[in-house]
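This report walks through a metal site, a sheet and a loop. The sequence and structure come first.

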Amino acid sequence: MTDPTATDRTTPLPHVVTLGTAGGPRWWDRPDGTSRSGISTAVVVGDAVYLVDCGQGTGRQLARAGLRMDQVRGLFLTHLHSDHVVDLPSLLLFGQFERKDPALPPIAVHGPGGRGALPPVSAHATTTPRPVAPANPTPGTVDLVQQLCAAYATDINDRVFDSLTRPPSDHFDVHDIALPAGIGFNPNGEVAPEMEPFDVYRDDDVEVTATLVAHPPMAPAFAFRFDTPYGSVTVSGDTAPCANLERLAGGTDLLLHEVIDLDLIARRYTDTAMLNATMDHHRRAHTTARQAGAIAERAGARALALHHLVPADAPHASWFAACETFGGPLYVPDDLDVIPFATAPAAIAGEVLR
Ligand SMILES: [Zn+2]
Ligand SMILES: [Zn+2]
C-alpha cells in the first residue's frame, strides 16, 4: 500500500459519495418532490473510485458526482437483491463508452457466488410457488453477468462487429467471492456463521475485506471494509444485527449502515397475509436506527451514516433514534453527499444530526 507520508498534500482526503441512498425495489419519491436513487456508494481514494452496489441510477449518479467510469477500479456487490444490482446492465453496456483509455485494465467485479439452493417457502404460503429459471434458479455474480451479456447479445454483437467496440468482458473482470473453507455456511440455515473477515481485493490504495452478514433468505450476503493508509470505511450491506459486521467494523472511521423503520413499513400493507410475511422478513433481515446506533457504538466506529433507507420517503426524524445509542457523529445523507473518512469526520455536504 502507498506510504501515507509520501502523499501529495493536494490529494483530496478519502471520502465516500452517497450515489444512492434508497433501499428496496422501488422508484422512491419523497413528499417534498426530491427523490432518492437506488443504493450505491462510491469510495474515493485519490483518483481511484470503488463502487459498492449499483442500484437504480448508479451510472447517472456517478456522472452527477463528477466521477468518471475510467476512475472506477472495482465494483463490489454486497448481495444479489435487485435494488443492489439493477443498474449492472447499464454499467456493463453504457459504462464501457465512458472509458476512454484503451490501456485501462478491466474493472474488477466481486460479488456473491450462487446460492446453491432455493430458499424455503414462507410459512405463510397457501400454494407452492414455481421457480423462475428452474435449470439455474439461484445464479451468482459470474452467471448473472454472463447471462446479462447473452440477453443483450444483439446489441453487443452489433457494436463489436460493426463499430469494432470491445465486449463488456474486455472491460469487466468478474469474480464470485470464494468463501473461506470450513466456516459452516448454509444458505438455508447458518447464513452468517461466526467468522473472521477475509481478503477480497487489494491494490496500491486499498485493501478490501469482507464478512458474511445475516440477510436471510438472501445468501451469501456480504459487508465490505475498505482500509486505506489514511482511514477506513465499512459498508454493512443489507443485514439484521450481526456479530460478524461488528467485528469487520471494529474501530472503523466511518460505518455506513442500512436501516429500516418497521412502523412506517407496517402501515403500508392492507393485505394481512402479505403484511405478516413481509414484516417477518424485515425483522429477520434488516436493522432499525436504534439497533444501528448500538452496533456502531459496540464496534467503536468513529462516525455512523445511515443509508439504504427503507422506506426512502421517510422523514429524517425516522432515523433520529440512532442518536440514543451512538455517541459519535451521525449522518443521514442525501444522494450525492460527501463524507470524508480520513480524519475527524465533518460532512462537506449533507445533514449532520449532531
Ligand atoms: Zn436492499
Ligand atoms: Zn437485500
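## The zinc site

The zinc ion (ligand 2) is held by four residues: His-79 through NE2, His-81 through ND1, His-215 through NE2 and Asp-238 through OD. The model is predicted.

Along the chain, the donors of the zinc ion (ligand 2) are spaced H-x1-H-x133-H-x22-D. The angles among the four donor atoms span 90 to 167°. A tetrahedral site needs all angles between 85 and 135 degrees. The site of the zinc ion (ligand 2) is irregular.

His-81 sits in the loop between strand 4 (72–76) and helix 2 (82–85). His-215 sits in the loop between strand 8 (207–212) and strand 9 (222–228). The pair therefore ties together parts that are 134 residues apart in sequence.

Is each histidine buried or partly exposed? His-81 has 25% relative accessibility, so His-81 counts as partly exposed. His-215 has a relative accessible area of 0% and is buried.

Seven strands form an open sheet in the order 7-8-9-10-11-12-13. The pairing is mixed. Strand 7 (198–202) and strand 13 (330–331) are the edge strands. Each has a single partner strand, so one side of each is left without a neighbour in the sheet.

Strands of a sheet pair through backbone hydrogen bonds, in a parallel or an antiparallel sense. Strand 7 and strand 8 pair in the antiparallel sense, over four bridges. Asp-199 has Thr-209 in strand 8 as its bridge partner.

Helix 10 (residues 289–299) lies across strand 11 (254–260) and strand 12 (304–310). Helix 10 runs at about 160° to strand 11.

Pro-217 and Thr-239 are 22 residues apart in sequence. Their C-alpha atoms are 11 Å apart in space.

Notes. Residues are numbered from 1 along each chain as its sequence is written. Chains are lettered from A and ligands numbered from 1 in the order in which they are written. This is a predicted model: local features need pLDDT of at least 70, side-chain atom pairs count only at pLDDT 80 or more; totals for chains, interfaces and linings use all residues. Side-chain values use heavy atoms; hydrogens and water are left out. Donors are N, O and S atoms within 2.8 Å of the metal (3.2 Å for Na, K and Ca); water is not among the atoms, so sites may look incomplete. Four donors count as tetrahedral if all angles lie between 85 and 135 degrees; four count as square planar and six as octahedral if opposite donors are over 155 degrees apart and all others between 65 and 115; anything else is irregular. Helices (H or I, at least four residues) and strands (E, at least two) are DSSP runs, numbered from the N terminus. Buried means under 20% relative accessible area, exposed over 50%, partly exposed in between (1.4 Å probe, protein chains only). Two strands pair if DSSP finds at least two bridges between them. Contact means heavy atoms within 4.5 Å. Axes are lines fitted to C-alpha atoms, for helices over the stretch in contact, and angles run from 0 to 180 degrees between N-to-C directions.
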